Amino acid sequence: MSTTIRQSPEPDTDPLEARHGSLPRRFPLALLASCAAVVAGVLLAFSAFGALPWVLLTAASFTVILVTASARVEGHRHAADRLVTALVYGCFLLALAPLVSVLWTVIDNGLDRFDPYFLSVSMNGVLPSMDAGGAYHAIVGTLAITGMATLISVPIGLMCAVYLVEYAQGRIKRAITFFVDVMTGIPSIVAGLFIVALWIMLFGPGRTNGAAAALSLAVLMIPVVVRSSEEMLQLVSRDLREASYALGVPKWRTITKVVLPTSAAGLTTGIMLAIARVIGETAPLVLTAGSSAVSINWDLFDGQMMSLPVFIYSQVRMGGAVNYERAWAAALTLILIVMLLFFLARVIKYLFAPNR
Amino acid sequence: MAKRIDVSGLHVYYGDFLAVEDVSMTIEPRSVTAFIGSSGCGKSTFLRTLNRMHEVTPGAYAQGKVLIDDMDIYGPDIDPVTVRGQVGMVFQKANPFPTMSIYDNVIAGARLNSRRMSRSAADDLVEESLRGANLWEEVKDRLGKPGASLSGGQQQRLCIARATAVKPSVLLMDEPCSALDPISTLAIEDLIHKLKEDYTIVIVTHNMQQAARVSDRTAFFNLAGPGKPGKLIEMGETSQMFTRPEKKETENYITGRFG
């Protein structure tokens, strides 16, 4: 600043600050409100009012007026700042819109039938069009199948990630990384077919069960766990590993007692995301656990098992009004289960947080 | 407790690249030895070979002999893990374990190795180590707080306490003060003076005043030429090295005529 040659109009103040004015602090808010009102008025006058044109026209006129006003009063840089700010907020709202819409639709439609009765009874002995029955058997199936899939894929995925980060070198590392990437891209129905074929080979045709479903989900889940855990483990700095080695701690203890606890929060989040990814899978479950089970079955190794996504699918296919209600209520249940999982992940994250 | 280190004919490689060539030196027990030299001349690399830390880098290895008292740390039946238990290390950047409290950081060496220890023995070890690191008075009321909640200088002293709590005979310090303010640096230097009564201390530093202040003996490293490996140029009593060095190269470096 001291090297500025040009003389500013007010020598006491910083020349860069003093050269332009600024819009009042409340100006954007007031402008937005008036734009919304004016656009609504114009649309009503032409009796063409609709939510979408109203929002779009308001956003466009607000941005144009704000940026023009800012360019005249505040200068070029501030105008650019206002433009980008408006764009970023716009994109944020755009991204949020489908999310809110989905949630709202599911809650709105799902609440019709979502009650303790729905959560506590199965479809055993209930005809599809009867005003009775619930999703208890599907909840049981979803929890059992996803639980087993998690039990299989978390240890394998985590150990694979530890191997990749801490031990693997050169060609083996590249090969494993490549195959994990390929696995990430496997279509879920192919994973289901793979397990069905395996089951036919091992146990003969028609013997698929919940365990087969869990295994097909594990095939989908392992690469996701590997990739997210790998990234989390790489975040643990070399300094910490070296600090541990320098105390005469062997590598395996360093991994189990320093690296894993330090990244525990991130690992948990990654695992939860992997669970959320497979809990809504439908295709492999239809192939393996079947789509016609109506009774409660906790046994993963015997008989067909219903699950929430398959329940939704089969109810929608039946097509009656009561079936749609059941499907929406089951969708709401599924979303609630995922939210509960993320809440649990938060709790775990808090318990492991380094700086409490 | 302190032990003598005898290095003879040590070459350090990163894969095919020879980083440090043919170093022989004796490091006396109960004294401070400083390594000086320009960046990239291999003094940190050489320091890390004294507790086999350089092996953590993939592809790095060393040839030659390093005797700590009578133990050849590169002998065929020597486990690097036991070497590191004997030769502690303090790093350039303070690195307390973020998941652990101050208390747990100090006894991390025992805890991470699942060594059983009674509550009172652990308490005593923590107090002794923190007192030894001139940190006890500052943290005794908040031992349960995370180690990362301390200031940079305090964290570095915590790391020194952690290193001494495993009772090593040698303490290696890799530019321990380069990220610290003058007051914290002074605190660490005072500590080094105190620690040398019990340990063999080797310190790498870029600060020549610091080398002159804390060390008894000084070793000067330099590159043999651009792209050539680092070499030990000269080693001697610090007072002599800084007043009447034998080699022209050393004199140039110390008087600031190059590097």
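Q: How many Å separate the centres of domain 1 and domain 2 of chain A?
A: This is a predicted model. The domain assignment of chain A puts domain 1 at 20-105 and domain 2 at 119-352. Taken over C-alpha atoms, their centres are separated by 42 Å.

Q: Which helix gives the most to the side of chain A that touches chain B?
A: The contact draws 19 residues from chain A and 26 residues from chain B. On the chain A side, helix H10 (238-246) and helix H11 (251-262) each supply at least two residues. By class, that side has 10 nonpolar, five polar and four charged residues. With seven residues, the top contributor is H10(A).

Q: Are H12(A) and H15(A) roughly parallel or roughly antiparallel to each other?
A: The axes of helix H12 (residues 264-279) and helix H15 (residues 321-352) of chain A come within 9 Å. They cross at roughly 170°. Angles over 145 degrees count as roughly antiparallel. H12(A) and H15(A) are therefore roughly antiparallel.

Q: How many residues in the contact of H12(A) with H15(A) are nonpolar?
A: H12(A) brings residues including A:Met272, A:Ile275 and A:Ile279. H15(A) meets them with a set that includes A:Leu341, A:Phe342 and A:Lys349. Two residues of this contact are polar and one is charged. The nonpolar count is 14.

Q: Which element of chain B has the highest mean pLDDT?
A: Chain B averages a pLDDT of 89, and 99% of its residues score at least 70. Among its elements, helix H11 (residues 248-254) of chain B has the lowest mean, 87. The highest mean, 94, belongs to strand S8 (residues 200-204) of chain B.

Definitions and conventions. Residues numbered from 1 in each chain as written. Chains lettered and ligands numbered in written order. Predicted model: local features only at pLDDT ≥ 70, side-chain atom pairs only at ≥ 80, totals over all residues. Domains from an automatic or database assignment. pLDDT = per-residue confidence, 0-100. Helix = DSSP H or I, 4+ residues; strand = E, 2+ residues; numbered from the N terminus. Contact = placed C-beta atoms within 7 Å. Nonpolar A, V, L, I, M, F, W, Y, C, P; charged D, E, K, R; others polar. Axes fitted to C-alpha atoms, helices over the stretch in contact; angles between N-to-C directions. Parallel < 35°, antiparallel > 145°, perpendicular 65-115°, else oblique.
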